[in-house]
Amino acid sequence: MVSRVIPVDPFDLVIFGGTGDLARRKIIPGLFRRFLSGQLPADSRIIGAARSSMEPAEYKSLLEEAIKEFGGDEKSGADELAAFLNMIDYVAVDAVAGDGWDHLKSLMRDGVVRAFYFSVAPSLFGALADKLHEYAIATSESRIVVEKPFGHDLPTARALNAILAKHFDERQIYRIDHYLGKETVQNLMAIRFGNVLFEPLWNSHYVDHIQVTVAETVGVGGRGSYYDNSGAMRDMVQNHLMQLLCLIAMEPPNKFGADEVRDEKLKVIRALQPVDPHHIVRGQYDAGSEGPSYREDAENARSFTESFIAMKCHINNWRWAGVPFYLRTGKRLRSRSSEIAVVFKDLGHSIFEGDEARHRNILSIRLQPNEGIDLQMTIKEPGPGGMRLIDVPLDMTFADALGADVDDVPDAYERLIMDVIRGNQTLFMRGDEVEAAWEWTDPIIKGWEIRNDVPKLYEAGSAGPEDSMMLMHRDGRKWREIR
Ligand code: NAP
């Protein structure tokens with residue numbers, strides 16, 4: 001019922017950083033799953049590229065291991081894996097030296113889609129773009145895919161955009177935010193714009209407030225040095241939470257086209273009010289039963305980097321006047337759960353005698369676990385004894401509603417890579433969006449630096465610092481439970 005697989009056009013996909021963590025954990029296993037689904041034409045090729053010198057056969061064994069470790073598909077057999085590996089090649093190239101580029105050029109074919117995935121440190125983006133141009137490997141129709149982080153602040157994001165713009169048009173640049181590739185996130189648009197029910201209520205007349213929570217149980221161990229230089233604001237809020245906020249708050253685009261959607265998202269970011277510092281809570285996890293402290297994980301005993309943020313934002317426009325958007329994200333929290341909750345206003349008046357409870361409709365869009373949607377509705381409690389009201393969820397867990405086929409739904413990376421090959425930029429961030437997001441976050445971060453802000457400690461395995469609860473309580477509201 002779910003997957004109607006439409007094969008993409010044949011392609012040559014070069015993965016710079018083809019031996020790296022992201023390629024092994026996400027990109028290659030994802031491509032393998034798309035191959036198994038029948039979406040990749042057999043005459044397509046995937047070319048790994050990195051400095052390490054190795055034979056294509058060696059590279060194929062590396063990828064075979066990666067597919068086994070990071071999930072291909074239990075149902076697949078050796079023949080399918082062999083057929084997939086047949087599409088793979090490897091070239092040793094150095095982004096900052098001349099080695100290997102003639103060889104890469106000689107492998108490129110005409111008449112197929114050319115895509116270049118920059119799965120390397122952002123400091124190499126400029127060198128790669130220059131080399132693709134210098135050796136005439138990229139054509140005016142080629143696409144490049146770039147990973148997060150896209151800049152560290154507004155000046156660095158601008159500089160990166162300028163570097164890429166030297167050789168590539170905006171229509172050729174695919175900036176990945178894998179949250180946009182998540183099925184439920186796209187469903188948010190389907191719910192809003194594919195049903196008549198919600199859009200008339202989607203405004204300050206009916207919505208009390210909106211909560212976005214992205215809670216993780218993992219700490220920063222393993223990527224501590226990167227994270228310590230970044231923090232939750234740069235690592236999560238500026239990109240992922242901001243993108244979710246945009247999809248919730250944007251005006252209906254006139255069609256589901258790349259620029260139409262991105263124009264509307266950009267308007268939301270530009271309408272965000274500067275945040276009052278009293279409306280932000282920064283936290284850092286302390287040691288707890290779940291593991292060591294942030295400082296131990298980050299190997300920085302004096303770190304003031306935040307591993308948790310809770311904040312209240314406002315969007316300055318007609319639709320959302322006075323409606324708070326509460327955003328919250330953190331590491332080493334009680335459970336791994338992400339959801340968007342649209343909390344509707346109370347009834348103005350209850351006709352039911354003795355009904356003291358406050359009944360609210362809440363639309364909750366769960367990103368994980370159990371991707372799905374539920375709508376809290378008020379009904380009569382069954383049985384005799386008068387008209388007593390209770391709140392019940394109208395639950396649509398996708399796995400139940402869509403049956404076993406839900407396992408075949410591509411994960412975020414798979415779907416986004418297929419969109420690159422199809423030339424569909426709708427779920428990728430445009431350069432001006434990224435810059436606008438930094439323009440809003442930079443003053444917040446600068447304020448912390450000027451004030452030497454010290455994050456509040458929270459116990460690992462909890463729901464975050466006490467102050468984040470107060471942020472809600474002060475407004476007479478409460479966070480939805482992190483389950
Ligand atoms: P990684 O494991 O350190 O891999 C880096 C890759 O780049 C390796 O294949 C390395 O191979 C290659 N490389 C390094 N210097 C090079 C050069 N001068 N020329 C050509 N290739 C070079 O990094 P990663 O974790 O895969 O991350 C890659 C990118 O994705 C980064 O921008 C990161 O921020 C982003 N990202 C990663 C994740 C993740 O889960 N890993 C998630 C989100 C975003 P050689 O040393 O052999 O050259």
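This is a predicted model: local features need pLDDT of at least 70, side-chain atom pairs count only at pLDDT 80 or more; totals for chains, interfaces and linings use all residues.

How many Å separate the centres of domain 1 and domain 2, taken over C-alpha atoms? The value is 34 Å.

Let me set out the two domains. The domain assignment of the chain places domain 1 at residues 11-147. Domain 2 is given in two segments, 180-421 and 429-473.

I turn to the interface between the domains. Here 18 residues of domain 1 are in contact with 9 residues of domain 2. The size of an interface is often given as the accessible area lost when the parts come together. For domain 1 and domain 2, the buried area is about 1,200 Å², and carbon and sulfur atoms give 66% of that area. On the side of domain 1, K26, R34 and R143 supply 35% of the area buried against domain 2, which is more than any other three residues supply.

Next, the ligand. Which residues come nearest to the ligand? They are T19, D21, R25, S52 and V120, out of 21 residues around it. By class, this shell holds 9 nonpolar, 6 polar and 6 charged residues. Helix α1, residues 21-37, gives the most to the shell, with 3 residues.

Several polar atoms deserve attention. In the side chain of D21, an N or O atom is 2.8 Å from a nitrogen atom of the ligand. With L22, it is a polar backbone atom that is placed 2.8 Å from an oxygen atom of the ligand. On its own the ligand has 880 Å² of accessible area, and the protein covers 73% of it.

I close with some details of the backbone. Where are cis peptide bonds found? One runs from K148 to P149, with omega near 5°. P149 belongs to the loop between β5 (143-146) and α6 (154-165). Another cis peptide bond joins Q368 and P369, and its omega is about -10°. P369 sits in the loop between β12 (362-368) and β13 (372-380).

A further point concerns A136. This residue is not a glycine, and yet its phi is positive, at about 50°. A136 is part of the loop between α5 (125-134) and β5.

Thank you for your attention.

Definitions and conventions:
Residues are numbered from 1 along each chain as its sequence is written. Side-chain values use heavy atoms; hydrogens and water are left out. A residue is near a molecule or strand if one of its heavy atoms lies within 4 Å of it. A polar contact is a pair of N or O atoms within 3.5 Å; within protein, one must be able to donate a hydrogen and the other to accept it, and residues adjacent in sequence count only if both atoms are side-chain atoms. Accessible areas come from the Shrake-Rupley method with a 1.4 Å probe; for residues, only the protein chains shown count as cover. Helices (H or I, at least four residues) and strands (E, at least two) are DSSP runs, numbered from the N terminus. Ala, Val, Leu, Ile, Met, Phe, Trp, Tyr, Cys and Pro count as nonpolar, Asp, Glu, Lys and Arg as charged, and the others, Gly among them, as polar. Domain bounds come from an automatic or database domain assignment. Contact means heavy atoms within 4.5 Å. Buried area is the accessible area (1.4 Å probe) that two parts lose on being put together, summed over both.
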